[in-house]
2 protein chains.
Amino acid sequence: MRDIIKQFGSSRNLPELENADILFLCVIASTGTSHIPAITGAGVTPELTDYTPAADVELVVHGEPRCLKEIPRTIIDGVVAPTPAVITKASLELANIPFLVADAGAAIKPDIPFMSINSEPGGNIETGKAVSNVEEIFNRGEILGETISRITDHLFIGESTPAGTTTALGVLTAMGYDGNYKVSGSMPNNPHELKQNIVASGLKASGFKVGELKSKPFKAVEIVGDPMIPAVAGIVAGCTIPVTLAGGTQMTAVCAIIKEVLPKFDWCNLSIATTRFVAEDETSDINYISRQIADTPIFAVDPQFEKSQSDGLKNYLKGSVKEGVGAGGAMMASILKGVSVDDIRMKTEQFCWELF
Amino acid sequence: MRDIIKQFGSSRNLPELENADILFLCVIASTGTSHIPAITGAGVTPELTDYTPAADVELVVHGEPRCLKEIPRTIIDGVVAPTPAVITKASLELANIPFLVADAGAAIKPDIPFMSINSEPGGNIETGKAVSNVEEIFNRGEILGETISRITDHLFIGESTPAGTTTALGVLTAMGYDGNYKVSGSMPNNPHELKQNIVASGLKASGFKVGELKSKPFKAVEIVGDPMIPAVAGIVAGCTIPVTLAGGTQMTAVCAIIKEVLPKFDWCNLSIATTRFVAEDETSDINYISRQIADTPIFAVDPQFEKSQSDGLKNYLKGSVKEGVGAGGAMMASILKGVSVDDIRMKTEQFCWELF
């Protein structure tokens, strides 16, 4: 399995997870930040990024988006890559893993039953006013984590939050972690300077300096974060079972919150699972960020899209999309359940052909 | 156990449920019908009934209501009885049974993480316009039922829907079942004529006759029902595990929907659990209604409140409240897990003393 799943970061062993029941939870959120032109590829236009989280999870549940006619996809310079929701759907269905959605503040609500943690989307962090009720979101997440711990053995948490690497950079920067040129992105050309300028504008507007909010994680989210971050941190805080954060550099911001809010947190129960496209990305460095925080184990799954017949999936190899909707973690969960990566790739291709 | 749990209706055996994992889901909803004066005791004033579902589930989760300063209670002629949420809370905590809430259309949203099936409350059925999106609610419930079937072995579904026996009477009447003088109520004096007049007004306003919607269950809910009914029916439809409907006569309306929408439904997996106060109520007859539909087994739990030191709980013996928030089913679930009814009663008393 070593060629499919590589371990980065801490080499500490995870709790025995084979044969465990798994639940996959996808936390969705929107922010005004994703309306900034050229900040994200997670939507055909800046305004359509409001629909991406709902469309993604509708695709996983119904096999098609309902809030949008168009399938979410990333188009950069004419290159089209399908939403990673297709990977998540293929992985979970092959392994018969239950899928739940939690709304942390999606602008458009999905046409499925979903767990409501928070309703209002986040603002544009350039204003220094991102999330008004961070502690409430964290606390509700904590209750959800407590409940989930009683109905499954191992929780995977994915996310769909357009422009989420920019808001993650905001939180990391406000808390004094160095994420400059290190956060990932959904486009082959990662607009690092734009992201850093947006974060700098938000900090300036709110009157805080870089690193000044080291010990005030909720304030950091309030001014330059997004609602997904405290929701996921809260869920982790409430969990008494192993949790795998299924995402890229955004999940390091979640770890930064947990480290500060819960100084006695048992990190042995937490890991990150992502795709090879994030872990080996030359335009970002999840390992560098993670080492500054809690050096969680980072598992990177390789779906071997070079073997694929789908041009859309092959565009992942060129740096499009990379991760999202917990695709890397969903693949890992599926593999833990005994599914082969070849089956995951072929089922993903099949969904792509049906959808596009 | 025979003196604590009596079985009415069908004597068919239930699937083996001992040692099964149990999940308790409470479905909440509001309607304009509960604003009709004197129709329900589930709120101190007609307008406050909008808060009752949220306050009930907040009480179970947080130990206190958050949307209201007052604890929900029924006051009839100066007699105060606490919300049945205290029984549900005591029962589930003693047995460590996880509690989830699903919103089918509560006017006030609870300050907890909850599963969103539908957001809009129902109308006043006197207008003949009760629920605008019945099929959508049913379909979302079905998806939730499918998911829940993969994370637990046995689902209990309670409800908090003020004036819900009136809307249940509406659905039963529109579908040709005889519920007149047979639906239960939260007050010692059951206002049967008022309920029947309201249903008659709704049918008249919508242009349908009694029994005319026998084969159109969604239309029956649309004109004279409430959003809880299709939500619970949909959840049951999606479930592949045993389900216990934790409620009184309202749950017979759910059975009526299921019977019509799913002609091949396997009734062996479905039962109703309620309190002795409903099953032996002289002002209503759940068994008479149920026999007309699918004659599901009805389990009635006796908390033996005559042994209680709490005057509020003793008022249940005089016909106040009777059931709600799945209290009867929660007691049964707890007893299935090995908890004694004496412990449930004493823990319920303890919550009453802490709260009032």
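## Two helices in chain B

In this predicted model, α2(B) and α12(B) are roughly parallel to each other, where angles under 35 degrees count as roughly parallel, over 145 as roughly antiparallel, 65 to 115 as roughly perpendicular and the rest as oblique. Here α2(B) covers residues 85-95 and α12(B) covers residues 327-336; their axes lie 8 Å apart, at an angle of about 20°. Axes are lines fitted to C-alpha atoms, for helices over the stretch in contact, with angles from 0 to 180 degrees between N-to-C directions. The helices (H or I, at least four residues) and strands (E, at least two) are DSSP runs, numbered from the N terminus.

The crossing of α2(B) over α12(B) is left-handed, a label used if the near helix is turned anticlockwise from the far one by less than a right angle, and right-handed if clockwise. On the α2(B) side, the contact uses B:Ile87, B:Thr88, B:Ser91, B:Leu92, B:Leu94 and B:Ala95, and these meet B:Ala327, B:Ala330, B:Met331, B:Ala333 and B:Ser334 of α12(B). Two residues are in contact if their C-beta atoms, placed from the backbone, lie within 7 Å. Of the residues in this contact, eight are nonpolar, three polar and none charged; Ala, Val, Leu, Ile, Met, Phe, Trp, Tyr, Cys and Pro count as nonpolar, Asp, Glu, Lys and Arg as charged, and the others, Gly among them, as polar.

## Where the chains meet

Now to the interface: 17 residues of chain B touch 17 residues of chain A. On the chain B side, β6 (114-116) and α3 (134-149) each supply at least two residues, and α3(B) gives the largest share, with four. By class, that side has twelve nonpolar, three polar and two charged residues.

Strand β6 of chain A (residues 114-116) runs antiparallel to β6(B), with three bridges joining them; strands pair if DSSP finds at least two bridges between them. Within this arrangement, A:Phe114 sits opposite B:Ser116 of β6(B).

## Helix α4 of chain A and its partners

Helix α4 of chain A (residues 164-174) packs against α5 (residues 192-206) at about 55°, with the axes 9 Å apart. That makes the two oblique, and α4(A) passes α5(A) in a right-handed crossing. From α4(A), A:Thr165, A:Thr166, A:Leu169, A:Gly170, A:Thr173 and A:Ala174 meet A:Lys195, A:Ile198, A:Val199, A:Gly202 and A:Leu203 of α5(A). Their residues comprise five nonpolar, five polar and one charged.

A further partner of α4(A) is α6 (residues 217-224) of chain A: the axes come within 9 Å and cross at roughly 140°. The pair is therefore oblique, and the crossing is right-handed. Contact residues are A:Thr167, A:Gly170, A:Val171 and A:Ala174 from α4(A), and A:Ala220, A:Val221, A:Ile223 and A:Val224 from α6(A). This contact has six nonpolar, two polar and no charged residues.

## Confidence and conventions

Chain A has a mean pLDDT of 94, with 96% of its residues at 70 or more; pLDDT is the predictor's confidence in each residue, from 0 to 100. The model scores are ipTM 0.92 and pTM 0.95.

Residues are numbered from 1 along each chain as its sequence is written, while chains are lettered from A and ligands numbered from 1 in the order in which they are written. In this predicted model, local features need pLDDT of at least 70 and side-chain atom pairs count only at pLDDT 80 or more, whereas totals for chains, interfaces and linings use all residues.
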